[in-house]
Amino acid sequence: MSDPTRTDRTAVLPALAAKATGLAARAAALDAADELADRRALFALDDHSVYLDGNSLGALPRHVPDRMRDVISRQWGELRIRSWTEGDWWTAPERIGDRIAPLVGAAPGQVVVGDSTSVNVFKALVAAVRLLDPTDPARDEILVDATTFPSDGYIAHSAARMTGKPLVPVDPAELLGSLGPRTAVVLMNQVDFRTGRLHDLPGITAAVHEAGALAVWDLCHSAGALPVGLDAHGVDLAVGCTYKYLNGGPGSPAFLYVAQRHQAAFDSPLPGWTSHSDPFAMAAEFEAAEGATRGRVGTPDILSMLALEAALDVWDGVRIETVRAKSLALTDFFLECVEAYAPAGRVGPLTPSAHAERGSQVALRCAEAPAVMDALIARGVVGDLRRPDVLRFGFTPLYVGFADAERAARVLGEVLAEVPAEVPAGG
């Protein structure tokens, strides 16, 4: 007896092969016209696999190991302590921040690199509360994206306890209607980590300001993938990681943006000796440095920081608007290929189809997601899983091409034809 939950492979695979001919030809033409195509050679990638997990960990730029050999062997090995001055280690957090700034739409002097995203979320939230008008005590609520990455939620809870402010989790779709005279600070993700939905940073920031509150944005899934426009849209504070679309390496330090207009009053909850106005005075009393340097805490993690600095070379000459245009074209094409190759009813997009609502990843709902992702990775298509039923595919335009998108969708179709569909309970 045949299994009704299993797609007939003999019927499906020839049809997939026929569709593949036209889609593969289109992919080749799109790759030939891609003005970012030459960037792929800057990364340590092979032709045997398709890497679509750059929204979790970016690929290694090929030149970084040689740069790090110099940092380790000469700067640390020979110059040793002298490298803090002769190797410009001391100024690295601000210098690298200024390299990231154009990618998020910020003028120099507003971005500092260091610590983790979670630590910077804590700094930003508590400092935002401290920026509030003390004569307006009724403005006391911290609103947080209820669908946020878990660490942001944990940190927001802790910051709320520390500052004595009520924390109000809000569904992003209901955020604008939740703003009011009690709203003090709003913490939002520009791109949802599960679905890839792009939230309206300009519109939400304007509404938050109209309500008299401050806007703090998490840019982890948008920095390096799309134009952010921090200065242009009046964002107050922002944080982001550097190991995803910025390719800084595992655990590379995060960044903190402090708008110029807030820097004189920015009061970090984690003052450290490197954010002191005179660090080497070793004074007992803290006096904050000027500018974004106030966001520093302790000794910079030099090895990972300088690996990040080297990795940022791949952005030389690249416009973020060009990256965004390719990202949208890639994700459009991938969704088209998935529709062509995947058996009907087996996967469905969670990522919005509208460009204004899409980041640089595609999330597909699939009842058999764990088994499907295992099979994809075994066949060289590397995405990732968000339990229980989400397949995520990140498209990093600097090194992902249209042939990659076509191949990933085709292999997904083959895998779905082989993995039995789950039978609903009671079915």
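View 1. Asp-66 counts as exposed at 51% relative accessibility, where exposed means over 50% relative accessible area, buried under 20% and partly exposed in between (1.4 Å probe, protein chains only). This is a predicted model, in which local features need pLDDT of at least 70 and side-chain atom pairs count only at pLDDT 80 or more, while totals for chains, interfaces and linings use all residues. Residues are numbered from 1 along each chain as its sequence is written, and side-chain values use heavy atoms, leaving out hydrogens and water. The side chain of Asp-66 meets that of Arg-69 in a salt bridge of 2.2 Å, N to O; the term stands for a side-chain nitrogen of Lys or Arg within 4 Å of a carboxyl oxygen of Asp or Glu. The two sit three residues apart in helix H2 (residues 64-79), so about one helical turn separates them. Helices (H or I, at least four residues) and strands (E, at least two) are DSSP runs, numbered from the N terminus. Arg-69 is partly exposed, at 48%.

**View 2. Asp-236 meets Arg-261.** Here the closest N and O atoms of the salt bridge are 2.9 Å apart. The partners are 25 residues apart and link distant parts of the chain: Asp-236 lies in the loop between strands S6 (214-218) and S7 (237-240), and Arg-261 in the loop between strand S8 (255-258) and H8. Asp-236 is buried, with 2% relative accessibility.

**View 3. Arg-365 meets Asp-389.** In this salt bridge the closest N and O atoms lie 3.2 Å apart. Arg-365 belongs to strand S10 (residues 361-365), whereas Asp-389 is in the loop between strands S12 (384-386) and S13 (390-394), 24 residues away. Arg-365 is partly exposed, at 43% relative accessibility. Elsewhere, salt bridges with shared partners join Arg-67, Arg-99, Asp-313 and Asp-316 into one network.

**View 4. The largest nonpolar core.** Have a look at Leu-219, Trp-315, Phe-334 and Leu-364, which touch the most other members among the 95 residues of this core. A nonpolar core is a set of buried Ala, Val, Leu, Ile, Met, Phe, Trp, Tyr and Cys residues joined through side-chain atoms within 4.5 Å. Helix H9 (residues 320-341) gives the largest share, 10 residues. A second, separate core of 29 residues includes Leu-131, Leu-132, Ala-156 and Ala-184.
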